[in-house]
Amino acid sequence: MDGGEYKALVIVSPTAAASGLVAWQSLEHEKRKYKAKDSNGKYVQRLSEGLSLPSPLVAVGEATAAEFSQVRIDTTDYQILQPQTANNEGMLAMPEIDSLQAGDKLLIWRGLGGRRLLVDTLQARGVHIDSIAWYERIMPIDAIAEYQQWQQDFLTHSTTSSQQPKPIVVISSAAAFEHWSNIVNDEQSKTLKKEQNSDAVADKTQRLALTLNDFSYVVLGERLANMVAAQQLSYWRVEDLSPDTILSAIHSKI
């Protein structure tokens, strides 16, 4: 993990920061272990040289930057910067990123998938991008069961009044919206099949399943806003996921 040749390290999420720092701590521990055995060892020298991170460190947002305060690593020699807007566009506008030229090298800590605006824009400019995918976004095993339980509780206590506000769902990635859509649509389909196969006369005044349109959405950025708008769902678009930003959005009109 030699940072000397890179102009900066970009970290796109708290999970990427946490995962990368775990690996860095592991290397630090290994260095101390071998140094105690042989202070003149060439392996320790090579390991020490490879432990430096690029500077500055560009953290996409406050939560990502905060991961560096959670570990016992001396980061005083590193500049930790954040864009004014916590997204790809915000990072591209930073002088440290905007000034990158053809031939420069940039290291990115990320997860599999996600937006490619930052990478595509810089690669088109001739910047060499190396990236480490520390994690993959997958749907939690218990997500379906938890949604079924939540839906049952919600429908049990909900009213038929048109004034009842819609539940709000915060969507932070395309993968999250895809998983959410699959869960809601699958549950709706299962319910319809049960109704069709049932000989009993259902109480038409009682709803048995929710649809995607029964929710309002807080979505991060233009790409997710376009995805939600394409399905004609009601939403607020935000540019970061700080609690204050989300609260301010949902207290405004859609």
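Colleague: How many salt bridges does a search of the whole structure find?
Modeller: Keep in mind that this is a predicted model. A search of the whole structure finds five salt bridges. One of them joins the side chains of K105 and E5, with 3.0 Å from N to O. This pair links distant parts of the chain, since K105 lies in strand 4 and E5 in the segment before strand 1, 100 residues apart. E5 and K105 are also linked with D130 in a network of salt bridges.

Colleague: Which residue forms a salt bridge with K190?
Modeller: That residue is E187, and the closest N and O atoms of the two are 3.5 Å apart.

Colleague: Is E187 buried or exposed?
Modeller: To decide, one compares the relative accessible area with a cut-off, and buried means under 20%. E187 has a relative accessible area of 8%, so this residue is buried, whereas K190, at 42%, counts as partly exposed.

Colleague: Which residues have the most contacts inside the largest nonpolar core?
Modeller: The largest nonpolar core has 19 residues, and those with the most contacts inside it are Y147, I171, W180, F215, Y217 and V219. Helix 7, strand 6, helix 8, strand 7 and helix 9 each supply at least two residues of this core, and the largest share, five residues, comes from helix 8. If residues up to four places away in sequence are not counted, F215 touches several others, including Y147, W150 and W180.

Colleague: Which residues form a nonpolar patch on the surface?
Modeller: I168, V170 and L241 form such a patch, and together they have about 220 Å² of accessible area. V170 belongs to strand 6 and is partly exposed, with a relative accessible area of 41%.

Colleague: What is the phi of Q232?
Modeller: Phi of Q232 is near 55°, which is a positive value in a residue other than glycine. Q232 sits in the loop between helix 9 and strand 8, and this residue is exposed, with a relative accessible area of 71%.

Note on methods. Residues are numbered from 1 along each chain as its sequence is written. This is a predicted model: local features need pLDDT of at least 70, side-chain atom pairs count only at pLDDT 80 or more; totals for chains, interfaces and linings use all residues. Side-chain values use heavy atoms; hydrogens and water are left out. Patches are made of residues with over 30% relative accessible area and no salt bridge: like charges are joined within 9 Å, nonpolar side chains (Val, Leu, Ile, Met, Phe, Trp, Tyr) within 5 Å. Accessible areas come from the Shrake-Rupley method with a 1.4 Å probe; for residues, only the protein chains shown count as cover. A salt bridge is a side-chain nitrogen of Lys or Arg within 4 Å of a carboxyl oxygen of Asp or Glu. Helices (H or I, at least four residues) and strands (E, at least two) are DSSP runs, numbered from the N terminus. Buried means under 20% relative accessible area, exposed over 50%, partly exposed in between (1.4 Å probe, protein chains only). A nonpolar core is a set of buried Ala, Val, Leu, Ile, Met, Phe, Trp, Tyr and Cys residues joined through side-chain atoms within 4.5 Å. Contact means heavy atoms within 4.5 Å.
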